Amino acid sequence: MGPISGRFRLTWVLREELAIGPGPWADRHLLRLQQEGIRGVLSLCAWEELPPPAGLREQFHTRRVVLPDHRSGRWPRPEDLEQALAALADLAAQGPVFVHCVAARERSPLVCLAWLMRHRGLSLQQGLDYLLQVHPGTSPLPQQLRALTGLLEG
């Protein structure tokens with residue numbers, strides 16, 4: 001078994017545009033991404049947290065923007081989220097994007113929430129409620145949500 005126990009799960013946040021899930025670590029995960037029509041992969045975790053599977057860069061447009069999580073000793077800043085949103089926008093111009101961190105609980109839901117607020121006009125509460133419905137593992141921490149509100153106020 002790889003770094004994350006259990007099944008690799010891809011959840012569409014916005015059909016044919018934005019998907020979320022845990023980091024891919026096996027060839028079968030890359031195959032699943034291809035089958036779902038994913039064109040880009042945005043990784044929000046450090047290479048050391050989850051080394052990418054061989055072939056990821058050859059099969060997908062990829063970007064890595066490392067966001068801190070609860071274990072890192074610091075919290076994301078608004079500028080960190082801005083950088084992640086810019087990378088996501090670049091990838092989205094090529095087609096559907098899969099956003100991941102290690103477990104898809106904190107960082108990737110946070111970036112998807114920021115995308116929903118900025119590009120779909122949802123409020124923080126509307127976006128969070130929606131993400132909890134489509135991706136029940138969503139669990140950004142209050143300190144992470146503060147970076148999001150700082151981004152939107154700035």
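**Close-up 1. The largest nonpolar core of this predicted model.** Welcome to the inside of the protein: this core has 32 residues, and Leu 42, Leu 44, Val 99, Val 111 and Leu 148 touch the most other members. Seven elements each supply at least two of its residues, namely β1 (11–14), β2 (18–22), α3 (78–92), β5 (97–101), α4 (107–120), α5 (124–134) and α6 (142–153). The largest share, 8 residues, comes from α4. Apart from this core lies another one of 11 residues, including Leu 10, Ala 19, Ile 38 and Leu 56. As background, nonpolar side chains tend to be buried together in soluble globular proteins.

**Close-up 2. The surroundings of Leu 42.** Neighbours within four places in sequence are left aside. Leu 42 is then in contact with Arg 63 and Val 65, and also with Ala 84, Ala 87, Leu 88 and Leu 91.

**Close-up 3. Helix α4 and its burial.** How much of α4 is buried? Of its 14 residues, 11 are buried, so the helix is largely enclosed by the rest of the structure. The buried residues are Arg 107, Ser 108, Pro 109, Leu 110, Val 111, Cys 112, Leu 113, Ala 114, Trp 115, Leu 116 and Met 117. Just after α4, Gly 121 takes a positive phi of about 70°.

**Close-up 4. Helix α3 against α4.** These two helices pack at an angle of about 75°, with their axes 10 Å apart. That angle makes α3 roughly perpendicular to α4. From α3, the contact uses Leu 81, Glu 82, Ala 84, Leu 85, Leu 88, Ala 89 and Ala 92, while α4 brings Leu 110, Val 111, Ala 114, Trp 115 and Arg 118. By class, the contact has 10 nonpolar, no polar and 2 charged residues.

**Close-up 5. Helix α3 against α6.** The axes of α3 and α6 come within 8 Å and cross at roughly 75°. Here too the helices are roughly perpendicular. Pro 78, Leu 81, Glu 82 and Leu 85 of α3 meet Ala 147, Leu 148, Gly 150 and Leu 151 of α6. By class, this contact has 6 nonpolar, 1 polar and 1 charged residues.

**Close-up 6. His 135 and its partners.** Leaving aside neighbours within four places in sequence, His 135 is in contact with Arg 9, Thr 11, Ile 20, Ala 104 and Pro 109. The C-alpha atoms of His 135 and Gly 121 are separated by 19 Å, with the two residues 14 apart along the chain.

**Close-up 7. Positive phi at Glu 16 and Ala 104.** Glu 16 lies in the loop between β1 and β2 and has a positive phi of about 65°, although it is not a glycine. Its relative accessible area of 48% makes Glu 16 partly exposed. Ala 104, in the loop between β5 and α4, has a positive phi of about 60° and is not a glycine either. At 1% relative accessibility, Ala 104 counts as buried.

How values were computed: Residues numbered from 1 in each chain as written. Predicted model: local features only at pLDDT ≥ 70, side-chain atom pairs only at ≥ 80, totals over all residues. Heavy atoms only, no water. Core = buried A, V, L, I, M, F, W, Y, C linked by side-chain atoms within 4.5 Å. Buried < 20%, exposed > 50% of the residue type's maximum accessible area, 1.4 Å probe, protein only. Helix = DSSP H or I, 4+ residues; strand = E, 2+ residues; numbered from the N terminus. Contact = heavy atoms within 4.5 Å. Axes fitted to C-alpha atoms, helices over the stretch in contact; angles between N-to-C directions. Parallel < 35°, antiparallel > 145°, perpendicular 65-115°, else oblique. Nonpolar A, V, L, I, M, F, W, Y, C, P; charged D, E, K, R; others polar.
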